[in-house]
Amino acid sequence: MSEIPLLPSLSLPVLATWGASVLGSIFIGWALTAAVLTIAKAPRPRMPPSPIPVLNAPPDAAREVMRGGRVIGILERTIITTAIFFGAETIVAVTLAIKGLGRYPELRAAPAVSERFIIGTFVSVATAIIIGLVGRQILVSFAITSI
């Protein structure tokens, strides 16, 4: 398998393939992540009504904790797909480290959302890597060596 250089000359076929890969990664990743997170929602056990009122956090508290998730997911998939496409796989590790460190305080404060974070990140990253590899293979298969 021929290697794609890290900084190729960006011809129109390369830019078109890269753009299609990134857009595919963004939209397919968004749909897959949302679908998997919907499937992963565990039904809450039904409890009989309590005679003593119980103070609970507002239902939107967990949702608010992970604010910016959609934008972060789009940026994450764009960076990872681009890194894989151009053969800079180490950027994937850096991206995930930055995301994990940036979210750590929120995850620590609300352990209930940790599972959603892990599932969402896994699906998002897997989608970005697969689409980046497909885009890269398209370039190699069509012998676009002017990249």
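## Briefing on a five-helix chain

Thr121 sits in helix α5, which makes a handy place to start a tour of this predicted model. The chain holds five helices and zero strands, so to speak of its pattern along the sequence is to read α-α-α-α-α. Of the 147 residues in the chain, 32% are buried. Contacts between residues 24 or more positions apart make up 85% of those with a separation of 6 or more.

**Confidence**

- Averaged over the chain, the pLDDT is 81, and 73% of the residues score at least 70.
- Helix α3 (residues 69–85) has the highest confidence, at a mean of 93, while helix α2 (residues 61–65) has the lowest, at 47.
- Across residues 60–64 the pLDDT falls below 50, and this stretch has one contact in the model beyond near neighbours in sequence.

**Around Thr121**

- Is Thr121 buried or exposed? Its relative accessibility is 14%, and the cut-off for buried is under 20%, so Thr121 counts as buried.
- The side chain of Thr121 reaches the backbone oxygen of Phe117 at 2.8 Å.
- Apart from neighbours within four places in sequence, Thr121 touches Glu76, Leu96 and Lys99.
- Thr121 and Arg77 are 44 residues apart along the chain, yet their C-alpha atoms are separated by 9.7 Å.

- Glu76 belongs to helix α3 and has a relative accessible area of 3%, which makes it buried.
- Which side chain makes a polar contact with the side chain of Glu76? That partner is Ser124, at 2.7 Å.
- Once neighbours within four places in sequence are set aside, the contacts of Glu76 are Thr95, Lys99, Thr121, Ser124 and Val125.
- Lys99 therefore turns up in both contact lists, since its heavy atoms come within 4.5 Å of Glu76 and of Thr121.

**Helix α3 and what follows**

- Helix α3 has 17 residues and spans 24 Å from its first C-alpha to its last, close to the 24 Å expected at 1.5 Å a residue.
- The buried residues of α3 are Gly73, Glu76, Arg77, Ile80, Thr81, Ala83, Ile84 and Phe85.
- Against which helices do the buried residues of α3 pack? They pack against α1 (12–40), α4 and α5 (114–141).
- Just after α3, Gly87 adopts a positive phi of about 80 degrees.

**The aromatic pair**

- The count of aromatic pairs comes to one.
- In that pair, the ring centres of Phe85 and Phe86 are 4.9 Å apart and the planes stand at 85 degrees, so the arrangement is edge-to-face.
- Both Phe85 and Phe86 are buried.

**Helix α4**

- Helix α4 (residues 90–109) has 20 residues and reaches 30 Å from its first C-alpha to its last, close to the 28 Å expected at 1.5 Å a residue.
- Where does α4 bend? The bend, of about 45 degrees, is at Arg103, and a proline, Pro105, follows within four residues.
- Buried in α4 are Val92, Thr95, Lys99, Arg103, Glu106 and Leu107.
- Two of these buried α4 residues, Thr95 and Lys99, are among the contacts of Glu76.

Conventions:
Residues are numbered from 1 along each chain as its sequence is written. Side-chain values use heavy atoms; hydrogens and water are left out. pLDDT is the predictor's confidence in each residue, from 0 to 100. Helices (H or I, at least four residues) and strands (E, at least two) are DSSP runs, numbered from the N terminus. The expected span of a helix is 1.5 Å times one less than its number of residues. The bend at a residue is the angle between axes fitted to the seven residues ending there and the seven starting there. Buried means under 20% relative accessible area, exposed over 50%, partly exposed in between (1.4 Å probe, protein chains only). A polar contact is a pair of N or O atoms within 3.5 Å; within protein, one must be able to donate a hydrogen and the other to accept it, and residues adjacent in sequence count only if both atoms are side-chain atoms. Rings of Phe, Tyr and Trp (its six-membered ring) pair if their centres lie within 6.5 Å; planes under 30 degrees apart count as stacked, over 60 as edge-to-face and the rest as tilted.
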